[in-house]
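The entries below follow the order in which I went through them.

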Amino acid sequence: MDLRNLNGSATGVTAINQLIACGRLLQSVTSTAFIAQINGRTFGGGMELTSQMDMRFAGPDALVAQYENSNGFVAQGGGQLSLGPIMGKARALEHLLASRTIDAVTGTRLGLFNNHYDTAETLEREVDDLAARIGLYPQTSLNDTKFSLAFLSPTPEMLDAQVERFSPIAGGKVSQGLLKSTLEASDESDNAFEREIPNSIVEALYGEVLDTLAEDGRAGVLAAVEQEVDLS
């Protein structure tokens, strides 16, 4: 499955529903081993899908991030729930809450990637060889192995609860205000802004707060946050 083949014209509720449906498919199928091959920028919904696959391998240009928290909402399509078992609670929280990019080397060290490779050619060859090797073995073995480890994946009930929590969070005053500011800063056509996500979002929304942190130390952060963001 090439994520570039998904409906790129879908927006709003349709796009979210597509994301959720794809995630549910990845979680429920035991007859296929889903292997993610990443060698580019995989952020937001794309990262949510790859985190729900069975394995992830990275090339030299891989950069991944979940930046939703910087806009005041959350990764609702299964990404949050999947990252805990993959990375461990503390590392998953750092990744989700900090809205920072992770490269191939760091992702492998954190357990997000099974492995990383120095060239795109090596990445493709190794993933193809692994898939071919798995495909040699009886289907019943694959089915039972995936079924046995399914307890590590979020349950349908957990996924449903995440979706229910998402709407009031994303539709709230704070999140909508931050999202509007992000769209204004990006001009919705600024490729440079898009290429630097999530750092460009953090800079646009919280640049003055970060400057205060750098100049005045941690004591000035709360006062700066109160001035910049209306949390009422």
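**Entry 1: the Arg24 pair**

I began with Arg24, which is partly exposed, with a relative accessible area of 28%. I note at once that the model I am reading is a predicted one. What does Asp160 form with Arg24? I found a salt bridge between Asp160 and Arg24, in which the closest N and O atoms are 2.9 Å apart. Because Asp160 lies in helix α8 and Arg24 in helix α1 (residues 12-28), the pair ties together parts that are 136 residues apart in sequence.

**Entry 2**

I then checked how many salt bridges the structure holds, and the count is two. The other entry I wrote down is Lys146 with Asp54, where the closest N and O atoms are 2.9 Å apart. This pair links distant parts of the chain, with Lys146 in helix α7 and Asp54 in the loop between α2 (45-51) and β3 (55-58), 92 residues apart. Is Lys146 buried or exposed? At 15% relative accessibility Lys146 counts as buried, because the cut-off for that class is under 20%. Asp54, at 31% relative accessibility, counts as partly exposed. For my own reminder, side chains of opposite charge can pair when their charged atoms come close.

**Entry 3: the whole chain**

Stepping back, I recorded twelve helices and six strands in the protein. Buried residues make up 35% of the 232 residues. The accessible surface comes to about 13,300 Å², and 53% of that surface belongs to carbon and sulfur atoms. Of the contacts with a separation of 6 or more, I noted that 64% are between residues 24 or more positions apart.

**Entry 4: surface patches**

Which residues form the negative surface patch? I listed Glu121, Glu124, Glu126, Asp128 and Asp129. I followed up one of them, Asp128, which is found in helix α6 (residues 120-135) and is partly exposed, with a relative accessible area of 44%.

I next looked up a nonpolar patch on the surface, which is formed by Leu149, Phe151 and Leu152 and has about 340 Å² of accessible area together. Leu149 sits in the loop between α7 (139-148) and α8 (156-170), and its relative accessible area of 47% makes it partly exposed.

Pro156 has its place in helix α8 and is exposed, with a relative accessible area of 51%. I took down one C-alpha separation here: Pro156 and Ser28 are 128 residues apart along the chain, yet their C-alpha atoms are separated by 9.2 Å.

**Entry 5: buried positions**

Thr182 belongs to helix α9 (residues 173-186) and is buried, with a relative accessible area of 7%. What is Thr182 in contact with, leaving aside its neighbours within four places in sequence? I wrote down Asn71, Phe193, Ile201 and Leu205.

Gly107, in helix α5 (residues 104-109), is buried with a relative accessible area of 0%. Once neighbours within four places in sequence are left aside, Gly107 is in contact with Ile102, Leu112 and Phe113.

In helix α3 (residues 79-87), the buried residues I listed are Gly79, Leu81, Ser82, Leu83 and Met87.

**Entry 6: backbone angles**

Before this last check I reminded myself that most residues other than glycine have a negative phi, and most peptide bonds are trans. Helix α3 is followed by Gly88, whose phi is positive, near 90 degrees. Ser99 has a positive phi although it is a residue other than glycine, with a value near 55 degrees. Ser99 lies in the loop between α4 (89-98) and β5 (102-103), and it is buried, with a relative accessible area of 2%.

Where is the cis peptide bond that involves Pro198? I located it from Ile197 to Pro198, with omega near 5 degrees, and Pro198 itself lies in the loop between α10 (191-195) and α11 (199-216).

Methods: Residues numbered from 1 in each chain as written. Predicted model: local features only at pLDDT ≥ 70, side-chain atom pairs only at ≥ 80, totals over all residues. Heavy atoms only, no water. Helix = DSSP H or I, 4+ residues; strand = E, 2+ residues; numbered from the N terminus. Buried < 20%, exposed > 50% of the residue type's maximum accessible area, 1.4 Å probe, protein only. Contact = heavy atoms within 4.5 Å. Patch = residues over 30% accessible without salt bridge, like charges linked within 9 Å, V, L, I, M, F, W, Y side chains within 5 Å. Areas by Shrake-Rupley, 256 points an atom, 1.4 Å probe, with all protein chains shown as cover. Salt bridge = Lys/Arg side-chain N within 4 Å of Asp/Glu carboxyl O. Lys, Arg positive; Asp, Glu negative; His and termini not counted. Charge placed at Lys NZ, Arg CZ, Asp CG, Glu CD.
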